[in-house]
Amino acid sequence: MPLDADLSAWLRLSLTPGLGGEALRRLLLALGGPGQVLAARRAELAKYVGETVAASIRDYDAAPALSTAGAWLEEAANDIITLADTRYPRQLLEIPDPPPLLYVKGRVELLSRPALAIVGSRNATAQGLANAEAFARTLSDAGLTVVSGLALGVDTAAHRGGLAGSASSVAVLGTGADIVYPARNRALAHELAAGGALVSEFPLGMKPLAGNFPRRNRLISGLALGCLVVEAAADSGSLITARLAAEQGREVFAIPGSIHSPLAKGSHALIKQGAKLVESARDILEDLRMGAPSAPAPAPAVVTDPRAQRLLDAFGHEPCDLDTLAARSELPVAEIGALLTQLELDGLIATLPGGLVQRLHR
């Protein structure tokens, strides 16, 4: 899209130092469109935003930033939508602080479709990652776009599941839309740009500052009908997203975990506070009055070796070590190593730090 006079005005105001979203909306309400705000006298601006910000609006040199934005918009997949744009997502208009504009790379229309936020620990367990991807895939096939934050762990698994389903996935960034963070998710970001969307309220070139991420969380929850917490420690940032979702009137869902797992403490706290305990994607779809998934769940892998099945049955639901498996299965330790390798290749177990292994329930 071209960088016309109207969009240039929106960009200049959004980039003006000291002019936040609330103050900008106040000016627009009082004076009209962004062009009228920029044409207003300093004294008139000061009535609504004070002398310092009024001076900043009049004096700010936006030429370098506008040049950068113009060059970025020359790429076919890139777009900028403003509060006045008919494509601006209605869901965000309902939150207390909708961003004046959004930088989007990918499919803009996904921002306005029914969606579910999926968040959780960056250091999730193997089972947590499997749950995140499986839930996301099923929900996406049922018509819910999966929204998350491109972080490692649960976010990454949720995006992969969403992209594999029919409704795709949207990543809300804590950086400029031209920066991938973390760098390890560069390939995933390219997949999202091609088949889903990357969206940011931050200016192009914005680095991953710590304060950006709690702020972007309100957009993760704001774009969605509800928020699912997969795994979260007691002090997890995912709980911020869940709290914001509740404050925005969204549904909050949580997957329970082991009472012994630190990564279940946050989810259990949410459930105690009124979040809805879910055991399957169907629980969420029924609560949101969505239809059943269009695609059946994949069939579990078939274990043909009776010794491998015997070992698999010995796992239970908690991580365990080799000695415990040997005692439960009554198999020789020398055989267990080869059997575990095969089960891991089949995606039925995962190795964990500290010499532990865990069965994956899908």
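Residues are numbered from 1 along each chain as its sequence is written. Because the model is predicted, local features were required to have pLDDT of at least 70 and side-chain atom pairs pLDDT 80 or more, while totals for chains, interfaces and linings use all residues, and side-chain values rest on heavy atoms, with hydrogens and water left out.

The largest nonpolar core comprises 31 residues, of which L102, V104 and L111 touch the most other members. Such a core is a set of buried Ala, Val, Leu, Ile, Met, Phe, Trp, Tyr and Cys residues joined through side-chain atoms within 4.5 Å; buried denotes under 20% relative accessible area, exposed over 50%, and partly exposed the range in between (1.4 Å probe, protein chains only). Two or more residues are contributed by each of β2 (101-106), β3 (115-119), β5 (169-172), β6 (197-200), α10 (212-222), β7 (226-229), α11 (238-247) and β8 (251-254). Helices (H or I, at least four residues) and strands (E, at least two) are DSSP runs numbered from the N terminus. Leaving aside neighbours within four places in sequence, V104 is in contact (heavy atoms within 4.5 Å) with W72, A77, N78, D79, I81, L111, A197, L198 and V199. Another core, of 30 residues, lies apart from the largest one and includes V53, A54, A62 and W72.

Strand β3 is mostly covered, with five of its five residues buried. A115, A117 and V119 point one way from β3, whereas L116 and I118 point the other way. β3 pairs in the parallel sense with β4 (residues 145-148) over three bridges, pairing being assigned where DSSP finds at least two bridges between two strands. Within this pair, A115 has T145 as its bridge partner. The chain passes from β3 through helix α7 (residues 126-141) to β4 in a right-handed β-α-β crossover; with the strands pointing away from the viewer, the path from the first strand over the helix to the second runs clockwise. β3 is also joined to β7, in parallel, by four bridges, and A117 stands opposite C227 in β7.

C227 is buried, with a relative accessible area of 0%, and C320 also counts as buried, at 5% relative accessibility. The number of disulfides (pairs of cysteine sulfur atoms within 2.5 Å) is zero.

T156 lies in helix α8 (residues 154-164). T156 counts as buried because its relative accessible area is 12%. Beyond neighbours within four places in sequence, T156 is in contact with A151, N185 and L188.
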